[in-house]
Amino acid sequence: MFSHLILPDIKELIEQKNWKGLKAVLSDLAPQDIAEVFNGLEEKKDLIMAFRLISKDKVSDVFAEIDPSLQEFILHHIADKEIQELIQELPPDDRTALFEDLPGRLTQKILNLLPAEERKEALQLLGYPEDSVGRLMTPDYIAVKKEWPIEKALQHIRQYGRDAETIDMIYVVDNRWKLLDDIPIRRFILAESEQTVADIMDNEFVAIHANEDQEVAYRMIKKYNLNVLPVIDSEGILLGIVTVDDMLDVSEEETTEDFQKISAIEPIEERYYTVSAPLLYKKRIGWLMILLITDFFSSSIIAHFENAIQAVIALAFFIPVLIDSGGNIAAQSSTLIIRALATGELSVQKWFSVVKKELVVGLLIGLTLGIVLYVRGFFWRGGPTVGMVVGMSMVAITVWANLLGSLLPIVLTKFKLDPAVISSPLLTTLVDSTGLIIYFSLAQVVFHLH
């Protein structure tokens, strides 16, 4: 990125208190690049001076892009008039995202600074459930009536288009503001002047309810190859729109959150380089304690089969191989299923197809690994009997781990829970315990141990 190249220069300008030079540099940068520079500043006190040097036409765009912790810091250190101007310039969706991240007291202070109409709009957006489309939508769109002549519609678009989030799509509504259609702007441009809006309507459109999850909106935009998606209420009234760039942000956040959950970390909303060490500790220690306690079960199982291990000491040598392989297999299958569920490629209703497929896959993998382990046991430790036990155990553990890894995310989805909760560490721990039971139970039967 361009900002990486100039970050040392900006730091040097700040250290030298060369505000004139800094203002000149910032004027040549895109808002996204300025935000990246600010996110990399180590001294927050320098941020306020640098922020005040941004030109008025860029300041709200820069503010929308910087980290929430820096947004909060800026709002604490600028005057109420500056806050009011800044917040009013923010698009409604960015304003809602800001209010969600700020402490309640500061949010209330900012809301009180807004004009009555904008305060009402902000409160309406904040009234939707967390992670719903309503929190993400913007009411800045262009709507026309179907009986309007094309010329009148074009005049309306010219008059209000500057304040709209996008004019790629124009919406047709009735007198109650019920959505009737969406029409690409090019149809208006190419239409004959004597035509009406009704003449260029096809009455085919895709819309989403405001209370739907943001991931549903992302899947719809992807499925129908849309740039913008209208948001309606239960009566079909047009409330706002969400754009593809909003969805890309949602997709990035959801993917990051899933990666963190899969690694047994509570979701961290801040960027890594701004999050504090105590918060990182808090986000990680909970799951690690749970995993430590569940690991006690594995120790208890080994202790329970102590006699079997003492009778055939070679059995102990294969414990790490079996439980590690089981954990890896379960992690592979769960990752595939979680991703398929997230992208909409797989639904809960297809669970039986998953069972059939993963049984076959698990059996093929188990036989392949089992043969390798049989040969290892035969020639390295224990001879043919130990080789047979570890080979059969590998087949059984593989089939079980594959089924467990693929079915648990589906079960969680069925009960409206996040399938990413079945993290690799948690799944590995479950497979470890059950795999040891399978292994030693088979050994007891083959060696006639008690």
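## The second largest pocket

In this predicted model, the second largest pocket holds about 630 Å³ of space. Its lining consists of 22 residues. Those that lie nearest the centre of the pocket are R219, L341, T413, L417 and P419.

At least two residues each come from helix 14, helix 15 (244-262), helix 18 (319-343) and helix 20 (383-414). Sorted by class, the lining of the second largest pocket comprises 10 charged, eight nonpolar and four polar residues.

## Two residues with positive phi

W177 is not a glycine, yet its phi is positive, at about 75°. This residue is located in the loop that joins strand 2 (169-173) and strand 3 (179-184). With a relative accessible area of 35%, W177 is partly exposed.

N225, also a residue other than glycine, has a positive phi near 55°. The loop in which N225 is found runs between helix 14 (214-223) and strand 5 (228-232). Is N225 buried or exposed? N225 is exposed, because its relative accessible area is 69% and the exposed class begins over 50%.

Conventions: Residues numbered from 1 in each chain as written. Predicted model: local features only at pLDDT ≥ 70, side-chain atom pairs only at ≥ 80, totals over all residues. Heavy atoms only, no water. Helix = DSSP H or I, 4+ residues; strand = E, 2+ residues; numbered from the N terminus. Buried < 20%, exposed > 50% of the residue type's maximum accessible area, 1.4 Å probe, protein only. 1 Å grid on protein atoms, 1.4 Å probe; cavity = no way out; pocket = protein on both sides within 12 Å on 5 of 7 lines; lining within 4 Å. Points joined across faces, edges and corners; volume = space filled by probe spheres on them. Nonpolar A, V, L, I, M, F, W, Y, C, P; charged D, E, K, R; others polar.
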